[in-house]
Amino acid sequence: MSHPLRNLVQVPVRPAVAGDVPELVRLRALLFETLGGEYFNPSSADGGWRDALAGVLEERIAAGTMRALVVDGEDGDGLAACGIGSVEERLPGPHLRNGRVGLVIGVVTAPAYRRRGHSRAIMQGLLGWFREQDVARVDLYASHDGEPLYRELGFTDHPDPALYRRP
């Protein structure tokens with residue numbers, strides 16, 4: 001159940017624009033640093049992923065093929081928080097009526113701005129956008145710290161085990 005005082009403060013969430021791309025890259029790097037480990041921060045990685053990410057974000061923001069929501073920091077301090085959503089087309093089935101799956105990609109808040117409701121406000125905005133996109137399901141990977149919020153928002157354990165392989 002949501003804490004009654006959480007709804008008293010309105011967090012100003014806005015769609016990201018092209019000028020936000022450097023800050024989106026900074027926050028995404030912060031997410032990977034926070035998660036750590038060989039999976040999220042492999043020792044073989046170089047900084048080239050940041051340029052690649054900036055290019056993809058610029059393209060997809062301009063094309064409107066993803067939704068990036070942000071909360072501005074105080075006094076021109078860059079972005080306080082961001083969250084990105086995209087829609088993946090899969091094959092329809094009895095468990096996926098239209099094949100459209102919403103993906104939440106990295107909700108992250110800078111340390112100085114945590115515990116102010118930014119992630120909750122961003123997630124509520126993304127969930128609204130996913131409804132507009134007529135997705136049949138929304139998937140995300142939750143960090144340990146983020147899991148309680150996502151469960152409050154109605155997320156449950158996924159029935160499929162997640163596996164991965166690097167080529």
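## A salt bridge between Arg90 and Glu88

The side chains of Arg90 and Glu88 form a salt bridge, with 2.3 Å between N and O, in what is a predicted model. Arg90 counts as partly exposed because its relative accessibility is 35%, and Glu88, at 28% relative accessibility, is likewise classed as partly exposed.

## Other salt bridges

The structure holds 12 salt bridges. Another of them joins Arg14 to Asp20, whose closest N and O atoms are 2.8 Å apart. Arg14 is partly exposed, with a relative accessible area of 24%, whereas Asp20 has a relative accessible area of 8% and is therefore buried. Through salt bridges that share partners, Arg14, Asp20 and Asp72 are joined into one network.

A further salt bridge links the side chains of Arg26 and Glu23, at 2.7 Å from N to O. Both of these residues belong to helix H1, where Arg26 and Glu23 lie 3 residues apart, about one turn of the helix.

Five strands make up an open sheet with mixed pairing, in the order S1-S2-S3-S4-S5. Strand S1 (14–15) and strand S5 (137–139) are the edge strands, each of which pairs on one side only. Helix H4, spanning residues 118–132, packs on this sheet and touches strand S2 (66–72) together with S3, S4 and S5, and the direction of the helix makes about 25 degrees with that of S3.

Within the sheet, strand S3 (residues 79–89) pairs with strand S4 (residues 100–109) in the antiparallel sense, over 8 bridges.

## Thr109 in strand S4

Strand S4 also contains Thr109, a residue that counts as buried because its relative accessibility is 8%. The side chain of Thr109 makes a polar contact, at 3.1 Å, with the side chain of Ser119. When neighbours within four places in sequence are set aside, the residues in contact with Thr109 are Leu30, Ala80, Ala81, Arg114, His118 and Ser119.

In soluble globular proteins, nonpolar side chains tend to be buried together. Here the largest nonpolar core has 39 residues, and those with the most contacts inside it are Leu24, Leu57, Met123 and Phe130. At least two residues of this core come from each of helix H1 (21–35), helix H3 (48–63), S2, S3, S4, H4 and helix H5 (147–152). The element that gives the most to the core is H4, which supplies 7 residues.

Which residues surround Met123, once its neighbours within four places in sequence are left aside? Met123 is then in contact with Val104, Val107, Leu140, Tyr150, Leu153 and Phe155. Met123 is also one of the residues with the most contacts inside the largest nonpolar core.

Technical notes: Residues are numbered from 1 along each chain as its sequence is written. This is a predicted model: local features need pLDDT of at least 70, side-chain atom pairs count only at pLDDT 80 or more; totals for chains, interfaces and linings use all residues. Side-chain values use heavy atoms; hydrogens and water are left out. Two strands pair if DSSP finds at least two bridges between them. Helices (H or I, at least four residues) and strands (E, at least two) are DSSP runs, numbered from the N terminus. Contact means heavy atoms within 4.5 Å. Axes are lines fitted to C-alpha atoms, for helices over the stretch in contact, and angles run from 0 to 180 degrees between N-to-C directions. Buried means under 20% relative accessible area, exposed over 50%, partly exposed in between (1.4 Å probe, protein chains only). A polar contact is a pair of N or O atoms within 3.5 Å; within protein, one must be able to donate a hydrogen and the other to accept it, and residues adjacent in sequence count only if both atoms are side-chain atoms. A nonpolar core is a set of buried Ala, Val, Leu, Ile, Met, Phe, Trp, Tyr and Cys residues joined through side-chain atoms within 4.5 Å. A salt bridge is a side-chain nitrogen of Lys or Arg within 4 Å of a carboxyl oxygen of Asp or Glu.
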